[in-house]
Amino acid sequence: MTHSRAMPHAPARSLLLVPLLGLLWGFNWPAVRISLTEIAPWTLRAGGMAFAGLALVAIALASGKSLSVPRRQWLRLVVAGFLSIAAFNVLLAFAQLAAPTSRAAILTFTMPIWATILARFMLAEPLDHRRLLGLGLGAAGLLCLGLPLIASGNLSVGLLYALIASVSWALGTIVTKRWPVDAPAVTIAAWQLLIGGAAAGIGMLAFEGLPVPKMLEPRTFAALGFHILGAQALAYFLWFTVIARLPAGIASLGTLMVPAVGVLGSVALLAERPTPSDWLGLALVITASGSIMLPVRKAKGTA
């Protein structure tokens, strides 16, 4: 392969991208909730994904990357884009309208657990000690974060949307890993965001009609800008770069830090108040992320 020399260092560099993804996607939770105060859910997702996709198209063209995709690989591109981007984003918009943002973020990020399990059976990825540790800590953290809901019986339809979204994202991740698309990461991210925007646009026309232009409050405008450029365009480009270079289970488990950032962002920006059980869960989730991001020490004398 022409770029085989760079491969030994690619996983280490890709691991460094995981914390950045955690920040971008974590703060996207309060950003979306703020945006939804003035923008309808189908409209928000259609516009957000479409503009983010166009931004990546511009980046690809400016950097000389090809936007072409092999004809025989379009089906896998569409399926993965529908599962991990279109369905995921639309479901989460409705989840945040029907449930607290911090809770929706927590339940959504059971996704790494589903992805790790699916990767074991569909991709034959082994469950080594680090992955098992990350999986166990992540599951324990998510359980702690969900205990108040279980105890109170406060299970809303919004949380069901979040759970379905997490499974959809996991399936999309596995599809991308099992049937990769022979194209640059920015090209894959651009087309899948545009596919997601088109799917959400159909929903917008069916359920909301054409949006009426209006001036947004400065807070909403800032949140929308971060959502489109940071959490959609940049984050999805980084995500496709990571899952192309790392095992699906490791890439997915690394995103366990996202609900921690999402909950903290909800505290700072939405005035939500986590319980002591939430804080314990956050500590476990962050520890889970760290356990899989730390590089493996090589034995002395190895190349």
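Me: How far apart should the ends of α2 be, at 1.5 Å a residue?
Reply: The 22 residues of α2 should span 32 Å, and its end C-alpha atoms lie 31 Å apart, so the helix agrees with that figure. The expected span is 1.5 Å times one less than the number of residues, and helices here are DSSP runs (H or I, at least four residues; strands are E, at least two), numbered from the N terminus.

Me: What kind of model is this?
Reply: It is a predicted model, in which local features need pLDDT of at least 70 and side-chain atom pairs count only at pLDDT 80 or more, while totals for chains, interfaces and linings use all residues. Residues are numbered from 1 along each chain as its sequence is written, and side-chain values use heavy atoms, with hydrogens and water left out.

Me: How many helices and strands are in the protein chain?
Reply: The protein chain has 12 helices and zero strands, and if you follow it from the N terminus, its elements run α-α-α-α-α-α-α-α-α-α-α-α.

Me: And α3, what is its reach from first C-alpha to last?
Reply: With its 25 residues, α3 reaches 35 Å, which is close to the 36 Å expected at 1.5 Å a residue.

Me: Where is the kink in α3 centred?
Reply: The kink is centred on F82 and comes to about 40 degrees, where the bend is the angle between axes fitted to the seven residues ending there and the seven starting there.

Me: Switching topic: how many cavities does a search of the whole structure find?
Reply: The search finds two cavities of 30 Å³ or more. On a 1 Å grid over the protein atoms alone, a cavity is a set of points where a 1.4 Å probe fits but cannot get out, and lining residues have an atom within 4 Å of a point; a pocket is instead an open set, with protein on both sides within 12 Å along at least five of seven lines.

Me: What volume does the largest cavity have, and what lines it?
Reply: Its volume is about 150 Å³, and 14 residues line it, with W25, N28, F88, N89 and L92 lying nearest its centre. The elements giving two or more residues to that lining are α1 (10-35), α3 (74-98) and α9 (218-245).

Me: Which residues line the second largest cavity?
Reply: Its lining consists of R76, A80, V175, T176, W179, P180, V181, I188 and Q192. Two or more of the lining residues come from each of α3, α7 (157-178) and α8 (185-207), and the volume of this second largest cavity is about 50 Å³.

Me: What about the second largest pocket, which helix gives the most to its lining?
Reply: That is α2, with six residues, and both α2 (41-62) and α9 supply at least two residues each. The lining of this pocket has 21 residues, of which I39, T43, P211, L216 and L224 lie nearest its centre, and the pocket holds about 470 Å³ of space.

Me: Staying with α2, is A50 buried, partly exposed or exposed?
Reply: A50, which lies in helix α2, counts as partly exposed because its relative accessibility is 26%. Buried means under 20% relative accessible area, exposed means over 50%, and partly exposed lies in between (1.4 Å probe, protein chains only).

Me: What separation do the C-alpha atoms of A50 and G197 have?
Reply: They are separated by 4.5 Å, although the two residues are 147 residues apart along the chain.

Me: And what share of the whole protein chain counts as buried?
Reply: Of its 303 residues, 51% count as buried.

Me: Last topic, where do I find A124 and A271?
Reply: A124 sits in the loop between α5 and α6 (129-152), and A271 sits in the loop between α11 (257-270) and α12 (276-293).

Me: What phi does each of those two have?
Reply: A124 has a positive phi of about 55 degrees although it is not a glycine, and A271, also not a glycine, has a positive phi of about 60 degrees. For background, most residues other than glycine have a negative phi.

Me: Are those two buried or exposed?
Reply: A124 counts as exposed because its relative accessibility is 57%, and A271 is exposed too, with a relative accessible area of 53%.

Me: Which glycine takes a positive phi just after α2?
Reply: That is G64, whose phi is about 80 degrees.

Key: Points joined across faces, edges and corners; volume = space filled by probe spheres on them.
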